[in-house]
Amino acid sequence: DAKTTQPPSMDCAEGRAANLPCNHSTISGNEYVYWYRQIHSQGPQYIIHGLKNNETNEMASLIITEDRKSSTLILPHATLRDTAVYYCIVRVALYNNNDMRFGAGTRLTVKP
Amino acid sequence: DTEVTQTPKHLVMGMTNKKSLKCEQHMGHRAMYWYKQKAKKPPELMFVYSYEKLSINESVPSRFSPECPNSSLLNLHLHALQPEDSALYLCASRGVGLKNTGELFFGEGSRLTVL
């Protein structure tokens with residue numbers, strides 16, 4: 001019973017913004033949205049997380065809709081090195097919650 | 001030091017062998033994870049240790065035996081594996097203090113081939 005739904009694949013032109021959607025219509029009030037990415041043959045890498053406010057860091061921006069049923073990860077100026085599988089995860093962010101499960105993710109291909 | 005180090009990077013073993021995968025971190029994280037990842041699939045949670053105690057076991061077959069000898073080390077002992085157990089095995093760690101964000105730090109993985 002997947003908590004998140006993501007498109008299986010997306011393309012983006014180099015230098016353009018990549019907008020990766022995630023649907024989490026059954027999200028609970030105390031669940032956060034996390035994003036990770038996995039570049040080929042490497043371990044997953046944390047990108048960003050948020051509860052209800054939009055978040056931005058040096059890697060990306062996270063936009064969460066007001067009803068929290070969906071979110072979008074934005075890579076503002078995609079490069080070829082951003083080609084990876086991007087995973088959206090919903091979980092309760094309590095310090096003692098050890099659960100972190102990955103869904104199918106979106107395979108983003110950045111093209112020259 | 002924000003690294004999770006996994007050894008060996010590659011391992012080939014027969015079905016009757018006994019081998020171990022090792023994971024080490026020195027970030028003071030008290031939660032450590034094993035994931036299994038098959039080609040073109042997402043990582044699949046296997047085990048979680050919290051404060052050196054097994055917290056989550058996702059009904060993994062007993063031929064996989066985890067061990068957390070101290071807060072920096074996590075092992076995965078392998079015995080009588082099957083060819084379908086061939087996969088990338090990923091280790092991760094997480095800080096569990098109140099100030100931690102819940103972010104997991106992953107190693108590069110150990111690629112296991114069972115012949």
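Predicted model: local features only at pLDDT ≥ 70, side-chain atom pairs only at ≥ 80, totals over all residues.
Biologist: Why is Ser61(A) called buried?

Modeller: Its relative accessible area is 18%. Buried means under 20%, so Ser61(A) qualifies.

Biologist: Where does Ser61(A) sit, and which residues does it touch?

Modeller: Ser61(A) is in strand β6 of chain A. Leaving out residues up to four places away in sequence, Ser61(A) touches Ile48(A), Glu55(A), Thr56(A), Thr72(A), Leu73(A) and Ile74(A).

Biologist: What makes the link between the side chains of Ser61(A) and Thr56(A) a polar contact?

Modeller: The distance is 3.1 Å. The cut-off is an N or O pair within 3.5 Å, with one atom able to donate a hydrogen and the other to accept it. The side chains of Ser61(A) and Thr56(A) therefore count as a polar contact. Ser61(A) is also the bridge partner of Thr56(A).

Biologist: How do you know that β5(A) and β6(A) pair?

Modeller: Two bridges join β5(A) to β6(A), residues 61–64, and the strands run antiparallel.

Biologist: What is the strand order in the open sheet, and why are β2 and β5 of chain A at its edges?

Modeller: The order is β2-β7-β6-β5 in chain A, with antiparallel pairing. β2 (18–23) and β5 (55–56) each have a single partner strand, so one side of each has no neighbour in the sheet.

Biologist: What makes β3(A) and β8(A) a pair?

Modeller: Eight bridges in the antiparallel sense. At least two are needed, so β3(A) and β8(A) pair. Tyr36(A) stands opposite Tyr87(A) in β8(A).

Biologist: How is β3(A) joined to β4(A)?

Modeller: Five bridges join β3(A) to β4 (residues 45–50) of chain A, again antiparallel. Trp35(A) has Ile48(A) as its bridge partner in β4(A). β3(A) and β4(A) form a hairpin with six residues between them. In the turn, Ser41(A) has a positive phi of about 65 degrees.

Biologist: Why is β3(A) described as mostly covered?

Modeller: Seven of its eight residues are buried. Each of those is under the 20% cut-off, so the description holds.

Biologist: Why is Lys9(B) called exposed?

Modeller: Its relative accessible area is 56%. Exposed means over 50%, so Lys9(B) passes. Lys9(B) lies in the loop between β1 (4–7) and β2 of chain B.

Biologist: Which residues are in contact with Lys9(B), neighbours within four places in sequence aside?

Modeller: Gly109(B), Ser110(B) and Arg111(B). As for Leu112(B), it is 103 residues from Lys9(B) in sequence and 8.5 Å away in space, C-alpha to C-alpha.

Biologist: Which residues touch the most other members of the largest nonpolar core?

Modeller: Trp34(B), Phe64(B), Leu76(B) and Leu78(B), in a core of 23 residues. Elements giving two or more residues to this core include β4 (31–37), β7 (64–70) and β8 (73–79) of chain B. Another core, of 21 residues, lies apart from it, with Ile27(A), Ala60(A), Leu62(A) and Ala84(A) among its members.

Key. Residues numbered from 1 in each chain as written. Chains lettered and ligands numbered in written order. Heavy atoms only, no water. Helix = DSSP H or I, 4+ residues; strand = E, 2+ residues; numbered from the N terminus. Buried < 20%, exposed > 50% of the residue type's maximum accessible area, 1.4 Å probe, protein only. Contact = heavy atoms within 4.5 Å. Core = buried A, V, L, I, M, F, W, Y, C linked by side-chain atoms within 4.5 Å.
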